[in-house]
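Please look over the fold below, then read the report beside it.

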Amino acid sequence: MKRFFYIIFLNLILIQFVNATHERAGEIIFTHIFDRTYEIKIITYTYAPSPADRPELEIKWGDGTSSILPRSGFVDLTLEIRRNEYIGQHTYAGNGSFKISLEDPNRNYGIVNIPNSVNIPFYIETLLIINPFLGGNSSPVLLNPPLDYGCVNRLYVHNPAAFDPDGDSLSYRLTVCRGVNGLPIPGYSFPLASSSFSIDEFTGDLIWDKPVIQGEYNVAFIIEEWRNGQRIGYVTRDLQIKIDACSNNPPVIYSLNDTCIIAGQNLQFEVSAIDPDGDLVALSGKGSPFIQEESPAIMQPNPAYGNGEVTAEFSWNTKCSHVQKNPHQLYLKARDSLVSDVQLTAYKTVNISVIGPSPEISAAIPLGNSITLQWVPYECQNATAYRIYRKDSFFGYTPAYCETGVPAYTGYNKIADINTLTQTEYTDDNGGLGLIHGIEYCYMITAIFPGNVESLASLEWCALLKKDLPVITNVSIEKTDASNGEIYVAWSKPTELDTIQIPGPYKYEVTRNNPLQGNDYITVGALNDLNDTTFNDIPIPTLIDNYKYKIDLYSGVGQDEFKVGSTSPAPSIFLSTYGTDKAIELTWNNNVPWYNEEFTIYRQNKVTLDFDSIGSSLIPVFTDTGLVNSIEYCYKIKSIGRYASPGIINPIINFSQENCGIPIDNVAPCAPVLQVQTNCEIYENDLSWDYPDSCANEELTYYIYYAGLNEDDFQLFDSTQNNYYTFSVTPPTVVGCFTITALDSLYNQSVFSNLECVDINECGRIWFPNFMSPNGDTYNDYFSADSVNSVHSLSLRIFNRWGSIVYETEDPFFQWDGRDQNNNSDCSPGVYFYEGVVAEYTLRGPVERVVKGNVTLLR
């Protein structure tokens with residue numbers, strides 16, 4: 001009978017073992033079908049001889065539902081390893097994040113870094129994010145299997161050879177293996193390494209440097225997908241690695257650099273690997289280049305075999321369809337082919353960027369105040385748009401290696417996107433404002449591919465508007481006066497005017513605008529000779545007003561007169577001053593139609609009253625330093641500029657009005673650096689501070705600010721001219737926060753110093769002794785509280801052994817002399833008990849707590 005029950009018990013154990021000892025590794029991937037419908041594929045690697053075969057598995061879709069997926073096929077890779085696939089489709093009801101998961105009992109027996117692995121479920125998960133603003137998404141496909149081999153004391157590397165069909169960016173990070181309900185497995189640890197165990201977040205190389213103990217290990221890592229800087233999903237791979245003791249060395253793949261190629265060109269290079277032990281080595285290639293629908297790459301042969309050394313030829317005739325934001329990744333794998341020892345593997349990832357060819361500009365045609373740009377139809381029909389860039393001068397751009405688009409350092413700005421690939425012409429009129437005569441406009445074009453991927457930029461193409469209108473050159477302040485000032489205005493006459501279409505006679509009208517009075521221009525002068533190109537505007541207030549001028553060209557007389565066109569508006573230079581400590585800051589406008597290359601700053605000599613040059617600037621800002629406060633200084637600015645167009649005066653010189661300023665000390669002192677030391681004996685905080693050596697040396701007053709609680713506002717507590725201060729309050733407490741400011745003689749106040757806080761724990765909480773001997777020898781004559789620091793209130797009672805109260809107080813500084821408070825008689829020697837409630841100041845306010853204990857009274 002006992003034998004019968006033993007057999008039943010043994011069979012139950014075997015049934016559990018059969019159902020629980022097979023899962024080795026795997027992952028879940030998905031493919032977008034349409035709308036919110038996805039095909040899901042579970043890939044598992046199991047122990048082939050196990051009776052615990054799985055013809056079907058339950059998958060949880062992440063939306064609260066699950067399905068049973070039948071196995072669509074399996075392959076026995078070896079006598080012990082079976083690769084299984086389970087495929088199903090699921091349609092989600094709405095958008096969101098869905099964690100697709102599989103939990104299957106159980107893992108195989110004897111995994112070193114998973115305690116009791118035979119009873120631990122196998123769990124993997126994949127995150128699917130459905131977001132219509134990001135478009136459809138398919139997960140990365142992992143081309144290298146999740147089973148690998150290594151040797152003790154040999155560097156181990158694994159790469160999953162992840163391929164993203166949408167061209168999204170991938171990153172990699174380690175995670176822990178999971179079990180029941182997707183929770184981390186209790187006691188799980190990363191494999192023991194003599195140096196390190198890590199994963200390269202960019203290449204996906206899992207590096208174990210170096211294994212220490214033989215056995216089977218499981219590790220997990222996450223492959224995250226990124227699009228436009230946003231995570232759009234991930235796949236978790238649970239990988240099994242078998243480590244043996246062996247003398248074999250892994251192969252070595254010769255170093256290969258990442259590369260870049262223009263779509264339409266053929267990429268060819270040699271791939272080689274060696275085996276340090278001279279063993280037979282197999283070299284294979286996988287990755288995105290081999291999986292392209294159009295013109296996939298080839299490697300001849302693939303795999304390639306050789307004794308000690310092997311070589312293959314990689315070739316890829318790239319096409320426009322291969323252009324994408326992220327590089328294509330070529331994964332190379334070299335494995336030695338020993339029979340008697342562990343087969344070791346080496347990996348190498350080569351990034352191949354396929355970039356769009358540059359568009360070709362064919363013409364830039366000026367017409368009026370616009371330029372029409374024309375280009376050749378683009379050769380890549382999968383491009384979706386063109387992007388137009390403009391700069392107001394030639395740069396001489398030569399793209400760096402693999403540099404696409406138009407980089408910001410060139411000074412070019414985007415002015416338009418053309419969303420029709422068949423359009424090959426664009427007219428630039430500066431958004432309806434018109435381009436400026438005399439300026440050389442240069443253009444570059446790029447093509448835009450799906451995912452906002454830019455091609456190489458075209459060559460620069462430049463053009464000037466025809467000089468068929470006057471070009472304004474000067475608006476210069478000749479005299480500064482509150483009412484009787486003078487402004488010199490000049491322009492260059494039109495030299496390409498079509499006198500047949502516009503026969504004349506001609507007239508200039510000089511118009512002026514005061515921006516403070518609105519946008520209207522008034523006519524201040526007229527000249528009837530095309531060669532008369534200067535005008536002095538007098539009298540006019542130039543001290544505090546700024547003006548803009550524009551020259552209008554007219555043709556004809558009487559009723560036949562019409563306006564041909566106008567110059568671009570040009571303002572006078574208006575100088576502003578701002579006095580600060582021993583300095584005056586000068587600023588002025590620079591919104592002119594020509595290029596101002598340099599500005600010269602003049603200051604009036606107080607002896608000769610002449611304006612002397614004191615410096616120059618490339619930008620409309622200058623600070624005159626080393627001045628004396630409260631003394632007036634006067635300035636004016638000279639601008640030096642030019643147009644790109646020939647036939648116009650060069651250089652163009654203009655002056656601002658004269659303007660004066662007074663330096664004043666309005667600069668706040670530096671913030672002091674505060675330290676706080678707490679004196680727990682007398683309940684004081686000693687504040688001290690340092691003033692930075694780099695700041696001005698001046699007499700300062702320091703304001704001390706205090707807040708008793710974290711949530712309180714700081715209040716000004718006191719001030720001092722010393723660099724130290726002793727802080728105390730009543731009732732005594734050291735708790736509080738402190739900050740200080742510095743104030744100079746003109747009441748400029750610094751920002752607050754650093755914040756320093758002291759809490760109750762700095763000096764310890766109230767406590768009571770456990771012994772007293774009231775015999776008059778001045779030692780332990782009283783029972784009293786110690787560390788009465790920051791006590792807000794105290795209520796204390798002392799009991800004898802029968803529970804009668806012999807003393808009670810609400811004074812934190814009490815001293816019990818061992819007498820019964822009720823009759824003033826001496827208490828008998830023995831043990832007495834105390835109990836009470838103390839409230840102590842903290843940065844959160846008074847906090848109550850119960851205190852109790854006992855004290856032994858001896859006489």
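Which residues does I243 touch, not counting residues up to four places away in sequence? I243 touches G150, C151, V152, W208, P211, I213, Q214, G215 and Y217. Contact here means heavy atoms within 4.5 Å.

This is a predicted model: local features need pLDDT of at least 70, side-chain atom pairs count only at pLDDT 80 or more, and totals for chains, interfaces and linings use all residues. Residues are numbered from 1 along each chain as its sequence is written, and side-chain values use heavy atoms, with hydrogens and water left out.

## Around I243

I243 sits in strand β17 (residues 230-244). Strands are DSSP runs of E with at least two residues, helices are runs of H or I with at least four, and both are numbered from the N terminus. I243 is buried, because its relative accessible area is 0%. Buried means under 20% relative accessible area, exposed over 50%, and partly exposed in between (1.4 Å probe, protein chains only). D820 is 577 residues from I243 along the chain, and their C-alpha atoms are separated by 80 Å.

## The chain as a whole

The protein chain holds one helix and 62 strands. Its radius of gyration is 43 Å, whereas a compact globule of 859 residues would have one near 29 Å. That radius is taken over C-alpha atoms, and the globule rule is 2.2 Å times the number of residues to the power 0.38. Along the principal axes, the C-alpha atoms fill a box of roughly 130 × 100 × 55 Å.

Of the 859 residues, 48% count as buried. Among contacts with a separation of 6 or more, 65% join residues 24 or more positions apart. The accessible surface comes to about 41300 Å², and 50% of that belongs to carbon and sulfur atoms. Accessible areas come from the Shrake-Rupley method with a 1.4 Å probe; for residues, only the protein chains shown count as cover.

The chain carries 53 positive and 101 negative side chains. The centres of the two sets lie 8 Å apart. Lys and Arg count as positive and Asp and Glu as negative, while His and the chain ends are not counted. Each charge is placed at NZ of Lys, CZ of Arg, CG of Asp or CD of Glu.

## Aromatic pairs

The structure holds 34 aromatic pairs. Rings of Phe, Tyr and Trp (its six-membered ring) pair if their centres lie within 6.5 Å; planes under 30 degrees apart count as stacked, over 60 as edge-to-face and the rest as tilted. Two of the pairs are tabulated here.

| Pair | Centre to centre | Between the planes | Class |
|---|---|---|---|
| F197 and W208 | 5.8 Å | 85 degrees | edge-to-face |
| W491 and Y508 | 5.3 Å | 70 degrees | edge-to-face |

F197 lies in strand β14 (residues 193-199) and W208 in strand β15 (residues 206-211), eleven residues apart. F197 counts as buried because its relative accessibility is 16%. W208 is buried too, with a relative accessible area of 0%. W208 is also one of the residues that I243 touches.

W491 belongs to strand β36 (residues 485-492) and Y508 to strand β37 (residues 506-513), so this pair ties together parts 17 residues apart in sequence. Both W491 and Y508 are buried.

One aromatic cluster is formed by F768, F783, Y807, F814, W816, Y832 and Y834.

## Backbone details

Where does P505 lie? P505 is in the loop between β36 and β37. The peptide bond from G504 to P505 is cis, with omega near 0 degrees. The bond from I538 to P539 is also cis, with omega near -20 degrees. P539 falls within strand β39 (residues 534-540).

A161 is not a glycine, yet has a positive phi of about 55 degrees. A161 is in the loop between β11 (156-158) and β12 (162-163). Its relative accessibility is 0%, so A161 counts as buried.

N824, not a glycine either, has a positive phi of about 60 degrees. N824 is in the loop between β60 (805-809) and β61 (830-840). N824 is exposed, with a relative accessible area of 52%.

## Around T577

T577 is placed in strand β43 (residues 575-580). At 24% relative accessibility, T577 counts as partly exposed. Leaving aside neighbours within four places in sequence, T577 is in contact with I584, E585, L586, N659, C660 and G661. Y549 is 28 residues from T577 in sequence and 24 Å away in space, C-alpha to C-alpha.
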